[in-house]
Amino acid sequence: MSGAPRVALVDDHELFRAGVRSELDGLVDVVGDAANVADAIALIGELQPDVVLLDVHMPDGGGLEVIRRLRASGTASGVQFLALSVSDAAEDVIAVIRAGARGYVTKTISGADLADAVRRVHGGDAVFSPRLAGFVLDAFAGAAPAAVADRDAELDALTPREREVLQHIARGYMYKEIALRLGISAKTVEAHVSAVLRKLQLSSRHELSRWAAERRIG
Amino acid sequence: MISGMATSGGVAAPRDLRRDPKSGMVAGVCAGLGKRLNVDPVLLRIVFGATTLASGIGLVAYGLAWLLIPAAQDAGAVSATQVRRSRRGAVEVALGVGFLLLAALLAFRELGLPFSDVLIWPLTLVAAGGALIWRQSIVSPGAVAEGAPLAVSRAAASASAPASAGGPAVAEAEPRPVVISRIGIGVVLVIAAAIVFLQFSGALAAATDVALAALVVAIAFGVIFAPWVVRLATSLSAERAERIRSQERAEVAAHLHDSVLQTLALVQKRASDPREVAALARRQERELRSWLSGAAPRDAGERRLAAALETAAEEIEQAHGVPVDVVAVGDAPLDRDGEALVAAAREAMLNAAKFGEGAAVAVYAEAVGARLQVFVRDRGPGFDLAAVPADRRGVRESIIGRMQRHGGRATINASPGGGTEVELVVERSAS
């Protein structure tokens with residue numbers, strides 16, 4: 001990474017955009033903002049920011065729609081998405097991650113933590129809040145290594161180490177602390193989290209979608 | 001005749017006249033009558049048989065009795081087969097009435113009575129169609145008035161059973177289209193009867209002109225009034241949708257008023273105390289979230305791990321103004337050991353809130369298999385268990401002692417990077 005990541009902010013609440021802008025001021029480079037899906041697509045296509053902070057809930061389709069359309073048109077291949085929402089609803093979390101977001105944080109996050117999350121996403125890592133870690137553990141809970149023979153089985157279950165890392169995130173540990181506790185490097189922790197993200201995005205287990213549907217609003 | 005007793009009496013006594021299809025030969029008319037009159041049904045069967053052979057009147061009487069006397073409900077609840085049978089009932093009865101009347105009329109003609117084809121066929125059709133329509137429309141109001149589910153008790157069924165067989169169960173279980181199409185068939189039969197009659201009597205030619213005129217007038221009126229009717233229908237449905245919407249809006253408004261607006265008013269009053277404001281905001285957020293998720297009120301039904309921890313977190317948060325975040329994986333009903341676990345977790349949250357210097361408390365609960373596990377972590381300066389004075393009952397008694405008494409364990413770890421984590425584990429008893 002060179003310098004501060006260039007960040008675009010997509011949220012339909014002006015007050016919130018202003019708040020995030022002032023919180024991130026000096027920590028990252030906020031290059032633009034948009035208040036709806038159409039503006040967001042135009043803005044992102046034009047500015048090609050490093051990271052887009054994306055509100056999940058917007059009147060005209062929300063963050064999910066933004067990611068889908070940009071991915072479909074292929075105009076934002078170098079852009080990473082970090083979802084940002086007041087909603088902890090499991091279906092929103094899973095949907096936006098599966099669409100391609102690299103992480104999910106709630107809007108109550110502090111400015112410093114948000115800037116940290118932005119840098120991490122920019123560096124290609126995944127950002128799991130404790131709640132997201134809990135959702136993922138829950139989603140994969142039924143997937144005991146029963147279907148090992150399956151070709152996709154590798155995608156359908158977490159390794160013991162990945163579970164351990166996720167549990168620590170859910171317990172409120174930072175990556176560095178997890179590394180210390182488990183006696184591994186912070187890079188390895190990040191690798192585990194990224195692997196979990198990949199499984200979350202690529203697994204075709206219908207349990208995943210069914211799980212999300214059952215918890216319609218977390 | 002017989003049917004008059006059953007129907008116009010109206011009062012349904014326990015010893016009401018009922019057909020008894022189970023012990024009957026055909027439809028249980030004789031068996032039922034015999035039971036009611038204390039006569040051997042065989043005698044009645046002979047009477048019906050004899051009158052049928054003599055003039056056909058016995059057959060007609062039997063058919064009418066079949067139609068008009070309700071079948072006895074033998075079990076406490078209406079069985080599924082009975083319901084199925086009574087669904088087909090309307091068509092069978094209509095056919096039966098048609099054939100019976102046909103038989104009777106043919107018999108009369110054989111006896112030399114002045115019946116011609118002009119009367120026989122239309123009357124047969126009218127009888128069948130009429131029976132179909134009539135039956136459908138007498139069954140429905142009774143069923144609607146009853147409004148009870150299929151599992152009608154015997155008492156309820158016999159107290160309000162309409163005067164036709166199958167009673168309350170018929171229309172209730174039937175989809176609307178079936179009822180409508182059956183009435184439609186009845187109407188077609190009656191109209192066909194009218195046409196046949198007119199055809200035979202030679203009046204059809206004259207009737208055609210009248211019918212044509214009527215048709216033309218009807219079409220004209222239709223064209224004139226169609227837009228108005230359509231508009232009326234659409235405005236009615238729009239009005240209904242609007243009413244539903246406004247009801248929903250009122251419900252949401254009522255909830256927001258009781259919760260969010262109250263909190264906002266409090267926030268304005270306490271604006272000088274940021275911690276209080278943050279606590280108010282978080283409490284409101286919790287409440288709104290659980291309302292949005294349609295969660296049942298917390299006090300309803302059995303206590304479960306996740307909800308109990310959430311409640312404890314909320315209480316601590318309110319009392320100490322420290323955010324407490326609960327993440328739960330899996331869930332389980334709480335037995336006594338589980339309750340002890342929650343109580344210990346609450347104590348740990350309390351400690352974390354008190355000594356964590358205002359930093360957020362993270363609670364993680366996992367219910368996998370028979371094991372319940374709770375981690376409570378704060379980011380405060382941490383404390384050394386050995387240095388905690390023996391008289392401080394909080395940690396030793398409420399957390400460690402309590403867990404041990406319930407066959408679990410509590411571990412307290414100072415975390416690298418600061419803060420303290422309390423780990424609580426208990427095995428759920430197999431129940």
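This is a predicted model: local features need pLDDT of at least 70, side-chain atom pairs count only at pLDDT 80 or more; totals for chains, interfaces and linings use all residues.
Colleague: pLDDT is the predictor's confidence in each residue, from 0 to 100. Where in chain A is confidence lowest, and where highest?

Modeller: Lowest in helix 11 of chain A (residues 206-214), with a mean of 57. Highest in strand 1 of chain A (residues 6-10), at 92. Helices (H or I, at least four residues) and strands (E, at least two) are DSSP runs, numbered from the N terminus.

Colleague: OK, the fold of chain A. How many helices and strands?

Modeller: Eleven helices and six strands in chain A. Of its 218 residues, 52% count as buried. Buried is under 20% relative accessible area, exposed is over 50%, partly exposed is in between (1.4 Å probe, protein chains only). Take contacts in chain A between residues at least 6 apart in sequence: 66% join residues at least 24 apart.

Colleague: Helix 2 of chain A, then. Which residues are buried?

Modeller: Val37(A), Ala40(A), Leu43(A) and Ile44(A), in helix 2 (residues 37-47). They sit on the same side of helix 2 of chain A, because they cover an arc of only 125° around the axis. The arc is that of the directions from the helix axis to the C-beta atoms.

Colleague: And what covers them?

Modeller: The cover includes strand 1, strand 2 (29-34), strand 3 (51-55), helix 3 (62-73) and strand 4 (80-85) of chain A.

Colleague: What happens at the start of helix 2 of chain A?

Modeller: A side-chain oxygen of Asn36(A) reaches to within 3.3 Å of the backbone nitrogen of Ala38(A). Just after helix 2 of chain A, Gln48(A) takes a positive phi of about 45°.

Colleague: Switching to the interface. How much do chain A and chain B bury between them?

Modeller: About 1600 Å², 50% of it on carbon and sulfur atoms. Buried area is the accessible area (1.4 Å probe) that two parts lose on being put together, summed over both. The contact takes 20 residues from chain A and 19 residues from chain B.

Colleague: How many salt bridges between chain A and chain B?

Modeller: Four. A salt bridge is a side-chain nitrogen of Lys or Arg within 4 Å of a carboxyl oxygen of Asp or Glu. Glu366(B) and Arg163(A) form a salt bridge, at 3.8 Å, N to O.

Colleague: Which elements of chain A give two or more residues to the side that touches chain B?

Modeller: Helix 6 (130-141), helix 8 (160-170) and helix 9 (175-182) of chain A. Helix 6 of chain A gives the largest share, five residues.

Colleague: What about Glu421(B) and Arg171(A)?

Modeller: Their side chains meet in a salt bridge at 2.5 Å, N to O. Glu421(B) lies in strand 5 (residues 420-427) of chain B and Arg171(A) in the loop between helix 8 and helix 9 of chain A, so the pair joins two chains.

Colleague: Is Glu421(B) buried or exposed?

Modeller: Buried, at a relative accessible area of 0%. Arg171(A) also counts as buried, at 7%.

Notes
Residues are numbered from 1 along each chain as its sequence is written. Chains are lettered from A and ligands numbered from 1 in the order in which they are written. Side-chain values use heavy atoms; hydrogens and water are left out. Contact means heavy atoms within 4.5 Å. A polar contact is a pair of N or O atoms within 3.5 Å; within protein, one must be able to donate a hydrogen and the other to accept it, and residues adjacent in sequence count only if both atoms are side-chain atoms.
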